[in-house]
Structures are given as structure tokens and as C-alpha cells.
Amino acid sequence: MRPRPRIDVSALETMGFGPRSTLWWGVVSMLAIETTMFALLFATYYYLRGNESIWPPPGGNPPFVPATLCLALLLLSVPPMAIMHRESGNERNLKKMRFWLVVGMAIGLLALGARAAEIAMLPFRWDHHAYGSIVWVTIGMHAIHLLTSGGENILFAVLLFKGPVEDRHLVDLRLNAMYWFVMVVWDVMVYALIYLDPGVLRS
Amino acid sequence: MRGLHSALDAAGPQAGRIEDLWWIFFSVCTVVFLLVLTALLAAVLHSRREKERHRLPGPERNLTRAVGGATAVTVILLLGLLIASVTTGRAVGSPAPSNSLTLEVVGHQWWWEIHYEDPLPSRRFTTANEIHIPVGLPIRIKTRSSDVIHSFWVPSLHGKRDLIPGYPTETWLQADRPGVFRGQCAEFCGAQHANMALVVVAEPPAEFAAWRSAQLQTPPPPATALQQRGQAVFLAMPCPACHTIAGTSAGGRIGPDLTHLASRSTLAAGTLPNTTGHLAGWILDPQTQKPGNQMPAIALQADDLQALLAYLESLR
Amino acid sequence: MRRDRFDQRLTIVLLVLLALAGCKREERRFRSSPAADARPGVVRVGELQPGPPTPGLVVANPFIKNAPAIADGQRLYTQMNCAGCHFHGGGGIGPPLMDDQWIYGSDPENIFSTIVEGRPNGMPSYRARLTDDQVWKIVAYVQSLGGLPDQSALPGRPDHLRAKDEGVPHYPTPPRSAPAEHP
Amino acid sequence: MSVAERYEPNAGAEADAEEARRLRETWKSRSGLIGFLTETNHKKIAARYLVTAFVFFILGGLEAFVMRLQLARPEAHVVGPDLYNQIFTVHGSTMMFLFGVPVMEAVGIYLVPLMIGTRNMAFPRLNAYSWYVYLIGGLLLYGAFFLNTGPDAGWFCYVPLAGPEYGPGKRVDVWAQLVTFTELAGLAAAVNQVATILKMRAPGMSLSRMPLFVWATLVASVMTIFAMPAVMAASSLLALDRLVATHFFNPAEGGDALLWQHLFWFFGHPEVYIIFIPALGMVSAILPAFTRRPVFGYNAMVLSIVATGFIGFGLWVHHMFATGLPQLGQSFFTAASMMIAIPSGVQIFCWLATLWSGRLRFAPPLLYVLGFVFIFVLGGLTGVMVASVPLDFQLHDTFFVVAHFHYVLIGGAVFPLLGAIYFWFPKMTGRRMFDRLGKWSFWITFVGFNLTFFPMHQLGLQGMPRRIYTYRAETGWGDLNLLATAGAVILALGLLLYLINVLSSWRGGALAGNDPWGAEGLEWSTTSPPPIYNYQHLPTVSGRAPLWEQGDDQPVVVGLRTDRREFLATRLIDAEPDHRDTLPDDAWAPLATAIATAVTFIGVIFTPWALPAGMILTTIALVGWFWPKRDRPRDWMEEQP
């Protein structure tokens with residue numbers, strides 16, 4: 001009988017960046033889940049807000065300064081991470097990647113500190129009123145993500161310096177950068193929600 | 001479909017509108033169901049039996065037309081049902097007429113507190129688990145809950161309305177014929193959700209007026225010596241902490257108002273018929289009749305119990 | 001071989017213990033428990049006494065660590081307006097119930113008789129208003145305020161509760177909840 | 001890059017045998033207990049998922065049976081209110097969280113890689129993790145239930161009844177964490193499916209050639225990703241309210257009791273579609289083999305599946321009509337709820353057209369499909385009724401609704417599922433089930449089901465509310481309830497026969513061969529049961545019915561390395577070969593991470609400190625999970641100047 005024709009894929013490369021890789025789709029789905037989570041928290045915030053004439057309730061507003069500082073630092077950390085991302089793509093210049101990753105990582109840790117200060121300075125507790133509850137949960141959830149992706153940055157820095165660095169790790173590295181960018185976007189939203197709330201701005 | 005509390009045994013305009021809508025939906029859906037079954041049967045019979053191999057059909061215009069047509073019909077039917085539903089919805093959701101009698105229903109675990117409202121404070125009164133309404137008069141019902149979510153539902157008069165803490169709402173209903181209509185809590189509210197019923201007695205205006213004035217009376221002081229002793233027992237026992245009897249020092253607001261206990265047909269929110277025997281059993285051991293309810297068991301001597309029963313049964 | 005059987009037995013025993021633990025906390029006791037009907041007679045409220053010390057009567061609270069009973073106690077605490085004087089354990093007109101200072105003793109039977117008999121300077125007697133069963137439930141709740149029973153049996157907060165620590169402004173709340181305490 | 005297609009002389013039998021041996025070496029899991037605990041092959045994981053789900057199905061069924069016994073007569077004393085409330089809560093939670101969703105995931109996890117012609121799921125370790133987490137969630141619920149700590153506030157756990165004041169003890173906390181566990185597992189599985197379906201299809205299997213079951217799984221997974229966060233948020237907020245005294249649902253401090261219902265039903269309604277969209281996919285996968293033709297109207301089917309997925313998010317408020325929301329909003333949700341009948345209708349019509357123009361073979365799987373059409377259409381019509389606001393005022397929270405959703409979920413999901421198990425049983429075990437027994441069990445199940453649940457429609461109209469542990473004789477509900485209980489006995493008998501059939505044919509069934517039904521799907525081209533690596537040479541596809549359309553000249557894929565777990569990643573739309581990538585080996589990490597997760601979520605019931613502790617544990621486990629393994633030849637760190 002005539003032999004089955006064969007498609008030989010042995011010549012294909014062993015790595016695909018971005019939407020080409022399965023991992024990218026996994027991470028994007030995870031980010032979609034977390035974004036939905038934040039969206040639901042925001043919906044909850046406005047639902048509770050709709051029930052109240054006084055909002056936020058008397059007794060102090062969330063601390064403006066550390067929150068703004070945190071956001072600023074996060075925004076500042078975007079360019080280094082972006083450069084790192086580009087380098088990991090085409091150039092693959094390990095030295096530059098190390099440098100920019102460390103820079104971004106350092107700024108991120110500062111942002112983490114600012115976030116910690118913000119939480120410490122909240123003038124109300126989660127069990128004072130529903131407003132306190134939702135603010136604590138929203139900020140807390142973002143703090144957890146900041147912690148996680150910051151931690152991943154450290155791990156990848158170690159990896160870049162210690163090696164071995166393989167194709168697959170570059171995919172992971174780029175995806176972690178993407179996680180970082182989205183995490184910054186979340187903070188923009190959280191900031192807008194809690195600190196640009198008309199009630200907060202008025203007082 | 002007859003029944004103590006059947007949604008298809010409407011006794012008033014609200015339930016009536018819903019029942020009409022039901023029959024519209026019911027007939028349409030039945031026809032659709034039969035059509036689909038016929039199609040299924042036809043398809044099974046039509047399909048050929050012979051053991052052929054599979055085939056890969058080309059374009060199938062007739063089938064496409066059939067499916068498209070069926071879909072179009074579905075859309076039209078749904079549109080019709082939607083219109084019918086929304087129309088009924090508006091009618092049922094209309095605000096209560098101005099001439100209506102207002103009463104407030106408060107849900108408790110697991111009984112109903114009912115306040116008859118009136119501009120004149122002297123004409124307001126409170127009862128429990130039994131609502132009397134005049135036939136032909138719209139009744140405005142304000143609902144609220146004192147603990148968890150309950151749902152006020154008297155199928156023969158109207159659909160249900162949830163009693164949600166922090167969400168006082170109101171609805172209205174009306175009975176067009178006299179009768180006794182049973183209702184029951186329709187939202188799961190804890191251990192005794194099953195035994196949280198109420199009775200609505202629709203009676204001619206004259207009878208209602210009589211009942212109402214009776215409810216407004218403070219009961220006469222106990223006549224016989226036995227009843228007097230019963231009252232003493234009632235006041236000495238923990239009863240007054242939770243129950244009110246007008247004209248006495250008993251002013252508890254935690255349990256049902258007992259001022260006219262004997263005039264009601266049931267005990268413990270429709271759990272038991274209101275007879276001497278059941279009343280005695282209820283007082284001595286409420287947790288067997290209705291496990292988990294908030295009425296504590298009261299230990300009484302036999303003669304004290306007899307006196308107490310005599311007193312309570314005098315509260316008409 | 002024997003070891004396996006030993007393990008089996010051990011597992012069974014552990015499971016039973018677990019089950020008991022679970023039951024004790026979760027059991028819904030609808031009938032009044034016999035122990036709860038034992039009203040302590042003479043209850044010592046102080047240490048001072050002539051002669052050699054004699055052991056006081058000790059009655060264990062049948063409802064300690066029983067979550068539903070504590071919840072009932074909490075409800076009765078509100079219904080009997082204990083909060084009117086003691087607030088939510090913080091004290092105010094009446095002495096606080098959260099701390100470890102007990103004028104008339106902190107043992108269950110002391111609290112029990114305090115509720116039943118009443119005390120001078122304002123604590124009324126609830127003898128005629130509550131059954132013993134109910135009093136024991138309140139005792140269980142009051143003890144829980146002092147953190148006496150297993151915390152895992154406690155509700156996080158009642159729905160009408162104001163904030164845990166005080167001095168912060170609140171929304172206007174329904175009348176049934178008491179004003180906040182100011183330390 | 002473009003791929004050279006070339007004809008070459010057949011490599012020869014012994015070369016093929018050698019290749020197969022090497023593949024087995026690379027893909028086989030370790031032996032013994034270690035092998036069991038480090039397993040990551042999708043077929044093994046799916047088998048565990050299936051068994052676990054059906055065990056929970058049996059438990060949930062037993063609970064249902066106790067409830068039927070209790071309700072058979074008025075004022076019966078089989079169980080008391082406290083136990084009854086636990087039982088119906090655990091029954092609901094089991095069927096929704098521990099059976100309905102997981103069992104559909106299980107079938108998907110088993111079939112999707114076979115149907116799209118690849119070797120394993122995209123994230124094998126995540127796959128194992130989700131099973132562990134799901135199992136732990138189930139054990140938590142039943143462990144608690146047997147310790148008299150079973151949740152007792154209903155599977156919907158409405159606050160304030162489920163709140164800290166009216167839900168004392170740990171019962172509701174257990175429920176909240178059960179939800180967290182199962183949703184975590186569900187989300188993990190969904191992410192896995194999305195990546196697998198989008199990137200690992202056989203060359204030539206463009207989106208327009210994807211089997212309908214794969215489409216259904218994809219849509220259900222995407223729905224999961226956007227629906228399940230809602231219930232995770234809800235259950236977390238509830239746990240916070242109960243454990244650290246937040247005020248989300250406490251009206252006195254600005255909280256809101258209705259917020260819970262919005263969050264819960266925003267998940268709760270899509271949940272139903274997440275359960276039965278895969279079931280509809282199963283129907284579409286079963287039909288061709290027994291009508292000997294592809295399903296009519298592929299495009300229409302795909303469109304309606306996708307449409308259902310979208311509309312499914314627009315209906316949640318129809319669970320809340322009785323709360324007295326504004327008129328206009330209600331009308332909108334009525335419209336949406338009725339609109340969703342259209343895509344379902346289209347699919348029904350397409351199946352009818354398929355039957356009409358097919359050549360039927362009355363094997364049990366087809367019987368289950370026909371039974372499904374009967375029951376599901378009836379359930380759908382009662383669904384249109386409860387979607388109407390005024391009717392819902394009467395029907396909501398009555399036995400009418402109980403009847404409705406059992407018709408939809410058992411008719412719409414369980415019947416296709418039983419048919420699907422029957423259909424793919426030969427592929428999974430290599431043996432066929434016994435057809436005579438299969439037909440008996442189908443008819444008994446079908447009769448028993450309708451006998452059990454049809455009377456409930458009338459009970460609801462006669463005013464019998466849901467979730468009552470007893471009722472008075474004078475209500476006149478006794479006889480119909482007795483009838484329903486009798487039906488339940490028959491239903492149980494039918495399902496028992498099915499179980500017997502599975503177990504006996506597992507050992508003694510006739511050998512099946514690759515394609516016992518003469519079906520068209522790719523999965524039937526490999527051996528039954530499939531080798532651990534699924535296909536020695538990854539297949540390629542040139543149509544929607546590969547085995548019917550493709551001849552011997554259909555190319556296969558060669559050139560994947562056999563010394564490590566390499567797979568072929570293809571392009572999103574047209575599934576052209578894109579690059580080779582490598583799957584991780586079996587590992588302890590999933591188990592370790594699952595245990596860390598369990599410590600966290602069960603611990604927080606008793607102390608908030610479990611949260612940081614658990615987070616640290618989880619971090620450690622995750623580091624182990626992603627620890628770089630030096631098995632790649634190319635480490636270009638050295639290549640740097």
C-alpha cells in the first residue's frame with residue numbers, strides 16, 4: 001500500500017513568544033479571572049455606596065499621600081520593565097535584561113513599602129463599617145498581587161544572575177512582566193475608586 | 001385546582017390576573033411541547049432503518065427552511081408571552097388603591113406579627129398569625145423582617161413578597177369571596193421554616209367590623225376564681241417577659257400578642273389547632289411540637305396549668 | 001500486623017473524639033437539658049468566711065462551648081435589654097463583662113445567681129422573667145464575652161453590632177442596638 | 001515557518017515499534033503509590049475526576065432519598081428539622097459543586113486532548129492540582145457533615161440566615177470554604193482547557209472544524225472564567241463577615257443583604273449553563289454515530305452555544321423577582337430569560353433535523369439522547385414560565401421550581417452524561433457495556449425520573465414551598481408526595497442498574513476495538529484504551545468528520561522528539577503548525593501545593609493566622625512547582641559575550 005504522507009515538524013523552533021505559546025493563554029486567563037475579581041469588588045463598592053447618604057462615613061479618609069506615592073512608584077517602574085521585556089524579546093542581551101529587571105524590581109519594592117504604610121495609616125478598621133470593609137479588602141487584595149509579582153521579580157533576578165537561562169525561562173520572564181503591567185493597571189483602577197471618590201475628594 | 005392555598009384557586013384580582021396569565025402560558029407551552037414531541041416521533045419514524053454506512057449530505061435546503069421556520073415561530077411565541085407577562089406585571093405591580101385598609105406584616109423566626117394601622121391610635125391593634133380582611137376591600141400590606149429573610153405568601157390572594165432586613169416593601173391584595181386562605185413563609189428562614197404558616201380569613205364587611213371592634217376591646221378582667229388564679233399564674237411565670245396581654249402588666253414584645261389568643265384558630269403559626277389540649281401541650285413542651293422555636297418549656301403544676309388554660313381561653 | 005490493628009483502633013478513637021468535639025459545639029439542643037434545670041442553691045460570692053475554708057457548690061454550665069446556645073444567649077441578652085446597662089460587654093451604667101474583674105465571682109454559678117437573684121445597686125432579678133435554661137444560655141454568652149469558652153464556638157458579630165473597638169462615629173443604627181462605649 | 005510535506009518510504013514496522021517504545025518510556029508515569037501521587041496524565045486525572053464525581057453523585061442521591069422518605073407522608077419523623085436542613089443544603093451543594101461542574105470537567109479533561117489530537121493537557125500539573133483541590137473540598141464538606149457540622153442554610157446560603165448572628169457555629173464557614181475549593185479547582189480546569197483547545201489542536205483542525213463538544217467545552221470554560229470569581233468573592237466576603245466581623249452584609253453598618261443575592265446569582269445562573277453546555281456538546285457528539293450523518297447545521301450549533309454563553313450572564317436577577325426590585329429592570333431580565341430559549345430551541349431543532357434525515361441505530365446512547373430531548377424541552381418550557389415576573393411571584397421557591405430545575409439539570413445534563421459515558425466507555429476501558437441491561441436501565445430511569453419530578457409541578461401550584469422538612473396533613477400534599485417518593489425508588493433502581501452495568505462490563509464486556517460505533521471523531525482513530533501518549537503520530541485533519549472524510553493519504557505528524565514530552569503548538573485560528581514545546585514531567589508539587597492550599601482555607605475557619613502561614617507554605621510549594629530543571633540542551637547564557 002502507499003505509505004502515509006508525513007508532515008515533518010522537527011525543523012520547527014522550540015519556543016513561541018506571546019500569544020503563540022500556551023503559557024501566554026494560561027496567564028492571560030488567570031489575569032482575566034483576577035480582573036473580574038477586582039471588577040466585582042468595585043461593583044460591591046458602588047452598590048454599598050448607593051445605600052448611603054454619607055460616604056465615606058465620618059471618621060477620617062484613607063491616607064492620600066502613601067497611596068499616591070505607591071501609584072507613582074508603580075508607574076515609574078513600568079519603563080524599566082518594558083525595556084527588560086523588549087530586551088528579552090529580540091536582543092536577548094542578558095546584561096541589559098539583568099540591569100533593567102533589577103531597577104524595576106527595586107522600584108517595585110519601594111512601592112510595596114508605600115502600600116504597607118498606606119494600610120498602616122488607614123484611619124478605620126474593616127469591622128467599623130461596610131466602607132471600611134470594602135476598602136480594606138480591595139487594598140488588601142491588590143497588596144497581595146503586588147507582593148506576589150514583586151516576589152516573582154526577585155526570583156527571576158536570581159535566575160538571570162545564577163542561570164541556567166533557557167528559552168522557556170524567557171517566556172516566563174516576559175509573562176511575569178505582563179503580570180506586572182496588569183497589576184499596575186489594577187492599582188490605577190483601585191486608586192481611582194478609593195481616592196478619586198467624590199466623597200473623599202470633597203473632604 | 002382547588003385547595004387551601006392553591007395558586008390556581010384565585011380568590012382576588014391579584015391572584016386572578018396571575019392565574020389568567022398562567023393559563024395562557026400553560027396552553028402555549030403545552031402546544032409547543034406536543035409539537036416538539038410529534039416532530040421527534042416523526043423524525044424517528046421517518047429516518048430509514050437499513051444498515052447503510054454513514055453519508056455526508058450536501059446542502060439541505062428543506063431542513064434549513066424547516067429549522068429557520070421553527071426558530072421564527074419560537075421567537076414570535078416568546079414575544080407574545082413576553083408582552084402578556086409584562087402587561088400582567090404592570091397590573092399586578094400597580095400601587096394600592098387609596099381606599100385600602102393598611103396592615104403591616106412583620107416576619108419573625110418563626111411567626112407573623114400583624115399590625116392593623118389606622119389614623120386614630122385608638123383604632124390600631126396588633127395580632128399574630130391570623131389576618132382578618134373584609135371581602136371586596138383592597139388591603140395594603142407593608143412588610144418588614146425583624147431577623148432573617150422571610151417571604152409573605154397567600155397563594156389564593158397574591159404572589160409572594162420577600163421580607164428582607166433593611167428593605168421594607170409593600171404590596172396589596174384583595175379577596176372577592178369570603179373564605180379561609182392559608183399562607184406560608186416561602187423563603188427558607190431556619191429550623192422551623194416549615195412551621196411558619198398564617199391564615200387569612202376573608203369575611204363580609206359586617207363580620208369584619210365586628211371582629212375588629214372585638215380586637216380593639218381590652219379583654220374583661222377574669223370572671224371566675226379559676227381564671228383569676230390563671231392570670232396570677234401567667235403573671236408570675238416568665239410569660240410576661242415575652243408576651244403582651246392588654247389590660248394587664250404583661251407587655252413583652254418578643255413573642256406573639258396574646259390579648260385575643262382564644263379568638264384565633266391556630267397556635268404557634270399554624271402548627272397546631274387552637275384547642276385546650278394542644279394549648280396545654282404547647283405550654284408544657286413547645287420544643288416537641290416545634291423544635292428550635294424560641295418558646296421555653298414552662299414547668300407547671302397540674303392545677304396551675306388548668307387555671308392558666310382557663311384564663312387564656314377566656315381571652316376572646 | 002498487630003500494629004495495623006492498633007492503628008485502626010487509634011483512628012477510630014480519634015474519629016469518635018472528633019465527632020464528639022464537633023457535636024458538642026454544633027448540637028442544637030431543643031429540649032431543655034436536665035443539667036440546666038439544676039438551679040444552684042447556695043452560691044458563694046466571696047472568699048471571706050469564718051472557720052476553715054469549705055468548697056463552694058460548683059455547677060458546670062451545660063451550654064459552655066455550644067455555639068447555638070451561645071447565639072440564643074446573645075439573642076436573649078438583647079431581648080432582655082442587658083445591653084441597656086452593660087452594653088455589648090464593655091460596661092457603662094453596669095459593670096463591664098469583657099474584663100476579668102467580677103464583683104460577684106466569675107464562675108458560671110455565680111453569674112447564674114447574679115442573673116436570677118439580682119444584685120444590689122441596680123442589677124434586677126430575672127427569676128420571674130427567664131427559665132433556668134434561658135439563664136444558662138445567657139451565662140454561656142456572658143462567659144464568651146470574657147473569652148472563657150472555646151472561641152471557635154463564637155459568632156463573629158451580631159448583625160446589629162456596632163464596631164468592636166469604640167470611639168469611632170457610625171451610621172445611625174436601629175434603636176435596638178446600644179450606643180458605643182467610651183473608655 | 002512553513003512545513004515541508006514529503007512522501008517517504010514507510011519506516012517499517014520495527015521502527016514504528018521502537019518509536020512507540022521510546023514514547024512509552026517518556027510519557028509513562030512512575031509506578032506504585034509515588035506514581036499515583038505524582039500523576040499528571042490527563043486520562044488518569046480524568047478517570048479520578050469521574051470516579052470522585054460519581055461517588056459524590058451517589059452520596060447526594062442518598063441524601064435526596066432521605067428527603068423523599070421524610071416528605072412521603074405528612075408530619076413524618078424520619079429526620080428532624082436540624083438534620084433535614086443540613087441534608088438538603090449538603091445535597092444541593094454536592095450536586096452543584098461536587099458533581100455537576102466537576103463531572104463535566106472530567107469528561108472534557110479526558111476527551112479534549114484525544115478529540116483535538118494531542119498528547120496531554122497544556123498544564124498537566126495544574127490539572128492534577130485541580131483534582132486534589134476538588135477532592136479536598138469534597139472531603140471537607142462530608143467530614144464536617146458527619147461531625148454534625150454540615151452547612152444548614154441552603155446551597156445559596158442567603159444572609160443574614162447564613163451570617164454570623166443567625167448561623168452560629170462553623171457550619172456555614174465550611175460551606176464557604178467548600179465553595180472556595182471547588183471554584184478554585186473549576187477555574188484551574190477552565191484555564192487549562194482554554195489554553196489546550198486554542199493552541200494544541202491537530203494541524204488542519206481550524207476553529208471551523210472543531211468538534212462541537214470541544215466548542216462547548218471552550219465556551220463553558222470561558223464562562224467559568226468570568227462567572228466563578230463572583231461566587232469566590234461572595235463566599236470570601238461571607239467568610240470575612242463571619243470570621244473577622246466585616247460588615248458587607250450587615251445593614252446596621254452600611255452593609256446590604258441583597259448584595260449577597262446579586263453576587264451569588266451572578267455566578268449561580270451561569271453555573272447552570274456551565275453544567276449543561278458541555279452536556280449539549282455531548283449530545284452533538286453522540287448523535288452522528290447513531291444517525292450515521294454529521295449533526296445538521298454546524299454553524300447554527302456553534303452560534304447558539306456561543307450565544308447561550310453570552311446571554312447566560314444576563315439573567316441572574318430572575319432569581320430575585322420576589323424581592324420587589326423596580327418594574328423596568330424586572331421586565332428586562334424577563335426578556336433576557338426568555339431570549340435564552342431561542343439558542344436552546346435552535347439546537348433542539350437542529351438535532352431533530354439530524355434525526356429526521358439520519359439512519360437511526362437504537363443503541364442506549366441514542367435512547368439517552370431521545371430521553372434528553374423529551375425532558376429538557378419540558379424543563380425549558382417551565383423555565384419560560386418562571387422567567388415571567390408575575391408567574392414567578394407564585395412559583396418562586398415552591399416545588400414547581402424544584403421540578404423545573406431537576407428537569408433541566410437531570411434531563412439537560414445527567415441524561416446526556418449517562419449517554420456519553422455509555423458512548424465513550426469502550427474508548428476509556430476497551431470494553432463495551434451490555435446493551436440489553438443498558439436499555440432496561442434507561443427506561444426504568446426515564447419512567448422513575450418523570451414519576452418523581454412531574455408531580456412536583458402540581459405540588460408547587462398547590463402552594464408547597466421548598467425546603468420544608470414537614471407539612472400538615474390538611475394541606476393535601478400527601479398523596480402527590482407519596483407518588484414522588486415511589487418514583488424516586490424506581491429512579492434509584494434505574495441508576496443502580498446503570499452502575500451494575502458499568503462495573504460488570506468493565507471486567508466482562510466485549511472487546512471494543514478502535515471504533516465500535518463507527519463514529520467520526522478523531523478520538524476513535526487511536527486504540528481503546530488509548531496509549532498513554534494518545535497518538536504515536538499526531539494526526540492531521542481536513543474536515544469536520546475526520547474518520548468519515550479522510551482516506552489513507554491523510555498525512556500524520558512526525559519529527560516530534562520522543563526523548564522528552566514534546567507537543568506541537570499550532571496557530572489559534574487555522575491550526576497550522578507553529579512550534580514545538582515541552583510539557584513538564586510528573587511531580588509532587590501539585591499535591592504539595594494542594595495541601596498548602598487546604599491548610600490555608602481550612603485553617604482560616606479557626607484562626608486568621610492560617611492565612612499568612614498558608615501563604616508562606618503555598619509559596620514554598622510553588623517554588624518547588626516552578627523550580628527550573630536543567631534538561632534543556634540550549635542554555636545560551638554561555639553564548640553571551
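In the predicted model, one helix contact in chain D brings D:Arg125, D:Ala128, D:Tyr129, D:Tyr132, D:Val133, D:Ile136 and D:Leu140 of helix 5 against D:Ala589, D:Pro590, D:Leu591, D:Thr593, D:Ala594, D:Thr597, D:Ala598 and D:Ile602 of helix 18. By residue class, this contact comprises 12 nonpolar, 2 polar and 1 charged residues. Packed helices are described by the angle between their axes and by the distance between those axes. Here helix 5 of chain D (residues 124–146) and helix 18 of chain D (residues 589–603) pack at an angle of about 35°, and their axes lie 8 Å apart. The crossing of helix 5 of chain D past helix 18 of chain D is right-handed. An α-helix has 3.6 residues a turn, so residues three or four places apart point the same way. Among the contacting residues of helix 5 of chain D are D:Tyr129, D:Val133 and D:Ile136.

The chain that holds this helix pair contains 19 helices and 4 strands in total. Along the principal axes, the C-alpha atoms of chain D occupy a box of roughly 85 × 65 × 50 Å. Buried residues account for 64% of the 641 residues of chain D. Of the contacts in chain D between residues at least 6 apart in sequence, 79% connect residues at least 24 apart.

Chain C has 6 helices and 0 strands, and its order along the sequence is α-α-α-α-α-α. In chain C, 38% of the 183 residues are buried. Contacts in chain C between residues at least 6 apart in sequence join residues at least 24 apart in 65% of cases. Helix 5 of chain C (residues 108–117) is largely enclosed by the rest of the structure, because 7 of its 10 residues are buried. These buried residues are C:Pro108, C:Glu109, C:Ile111, C:Phe112, C:Ser113, C:Thr114 and C:Ile115. Their cover includes helix 6 of chain C (132–145). Just after helix 5 of chain C, C:Gly118 adopts a positive phi of about 80°.

In chain B, 5 strands build an open sheet of mixed pairing, in the order 3-2-1-5-8. Strand 3 (125–128) and strand 8 (169–173) of chain B each have a single partner strand and stand at the edges, so one side of each is left without a neighbour in the sheet. From one strand to the next, the twist averages 25°. Strands of a sheet pair through backbone hydrogen bonds, in either a parallel or an antiparallel sense. The antiparallel sense applies to strand 2 of chain B (residues 111–116) and strand 3 of chain B, which pair over 4 bridges; within this pair, B:Glu113 lies opposite B:Ala128 of strand 3. Strand 1 of chain B and strand 2 of chain B also run antiparallel, joined by 6 bridges, with B:Glu104 having B:His115 in strand 2 as its bridge partner. A hairpin of 2 residues connects strand 1 of chain B to strand 2 of chain B. By contrast, strand 1 of chain B (residues 101–108) pairs with strand 5 of chain B (residues 139–145) in the parallel sense over 7 bridges. In strand 5 of chain B, B:Ile139 is the bridge partner of B:Leu101.

Terms used: Residues numbered from 1 in each chain as written. Chains lettered and ligands numbered in written order. Predicted model: local features only at pLDDT ≥ 70, side-chain atom pairs only at ≥ 80, totals over all residues. Pairing = 2+ DSSP bridges. Axes fitted to C-alpha atoms, helices over the stretch in contact; angles between N-to-C directions. Left-handed = near helix turned anticlockwise from the far one by under 90°. Contact = placed C-beta atoms within 7 Å. Nonpolar A, V, L, I, M, F, W, Y, C, P; charged D, E, K, R; others polar. Buried ≥ 20, exposed ≤ 12 C-beta atoms within 10 Å, placed from the backbone.
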